[in-house]
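Here are my notes on this one, as numbered points. Have the viewer open while you read.

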Amino acid sequence: MKIAQYLVVAGTALVLSFSTVAQGVPHSTNEGQLVAANAELVTRIDAKTAKAGDIVTAKLTSSVHLPGGAELKRNTLLTGHIDQVQPAVNNGASTVVLTFDKAQPRGGEAIAIKSTIVGIYPNGTDLVAPDLSPQMKIEEAPVSAHGYRLTSDAQGSTSGVLTADGKDVHVADGTELQFAVAPIAAAGAPAAGN
């Protein structure tokens, strides 16, 4: 009898867990939870001409509600920079390391964010909301349309690393980016999710 009760309780918990995931409710209820954000690259990225420190921007294609109540409306700019760049030499590997760390609402104050690139797609791709986790790591193979590898880690200090073998990383403006985003706590307070 006790085994049957245990199976009923465990089955109910499992059904509730699947129901929560299916409804898009975040897995975590703390301030470090991640939300999905879709954006379009405004600044093209070319490993041949880029330098560390170059500013990179992407524009949200739909509104995003951050944990804690802040809303980033459609067309909010996500701004960041290139941390490192290595152009391809003699058909070697090319690498671009990116960090998007601010959201700039139109007419408002910049908001410090932690963003992780979870997908990169040609313009016009129908994007599906990804499953997000504070421990997520992305290893996107170079078999996609753009021909380079995306590596990212939600716990890492950067937003992602793009690598191409035998050619320069080149990401055209208008490319669709999918992010996992969380706000960062104000100065003096511990950072959310870190």
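1. Lys 137 first: at a relative accessible area of 62%, Lys 137 is exposed (buried is under 20% relative accessible area, exposed over 50%, partly exposed in between, with a 1.4 Å probe and protein chains only). The side chain of Lys 137 makes a salt bridge with that of Asp 153, 4.0 Å from N to O (the rule: a side-chain nitrogen of Lys or Arg within 4 Å of a carboxyl oxygen of Asp or Glu). This pair ties together distant parts of the chain, 16 residues apart, with Lys 137 in strand E9 (residues 137-140) and Asp 153 in strand E10 (residues 149-153). Strands (E, at least two residues) and helices (H or I, at least four) are DSSP runs, numbered from the N terminus. Asp 153 is partly exposed, at 26%.

2. Before going on, a word on provenance. This is a predicted model, where local features need pLDDT of at least 70 and side-chain atom pairs count only at pLDDT 80 or more, while totals for chains, interfaces and linings use all residues. Residues are numbered from 1 along each chain as its sequence is written, and side-chain values use heavy atoms, leaving out hydrogens and water.

3. Asp 165 is exposed at 54%, whereas Arg 149 is partly exposed at 24%.

4. How many salt bridges does the rule give? The count is five. One of them joins the side chains of Lys 51 and Asp 54, at 3.5 Å from N to O. Lys 51 is exposed, at 52%, and Asp 54 is partly exposed, at 23%.

5. Now for a charged residue without a partner. Glu 176, in strand E13 (residues 176-183), is buried yet has no salt bridge. Which side chain of opposite charge is nearest to Glu 176? That would be Arg 74, 9.9 Å away (Lys and Arg count as positive, Asp and Glu as negative; His and the chain ends are not counted). Leaving aside residues up to four places away in sequence, Glu 176 touches several others, among them Ala 39, Tyr 121, Asn 123 and Leu 127 (contact means heavy atoms within 4.5 Å).

6. On to strand pairing (DSSP must find at least two bridges between two strands). Strand E3 (residues 55-60) runs antiparallel to strand E6 (residues 77-86), with five bridges joining them; Ile 55 stands opposite His 81 in E6. E6 also pairs with strand E7 (residues 93-104), antiparallel over nine bridges, and there Val 85 has Val 96 as its bridge partner. The hairpin of E6 and E7 has six residues between the strands, and Asn 90 takes a positive phi near 50°.

7. Last, the inside. The largest nonpolar core has 39 residues, and Leu 98, Phe 100 and Phe 179 have the most contacts inside it (a core is a set of buried Ala, Val, Leu, Ile, Met, Phe, Trp, Tyr and Cys residues joined through side-chain atoms within 4.5 Å). Strands supplying at least two residues each include E3, E6, E7 and E11, and E13 gives the most, with five. Leu 98 touches, among others, Ile 45, Val 56, His 81 and Leu 162, not counting residues up to four places away in sequence.
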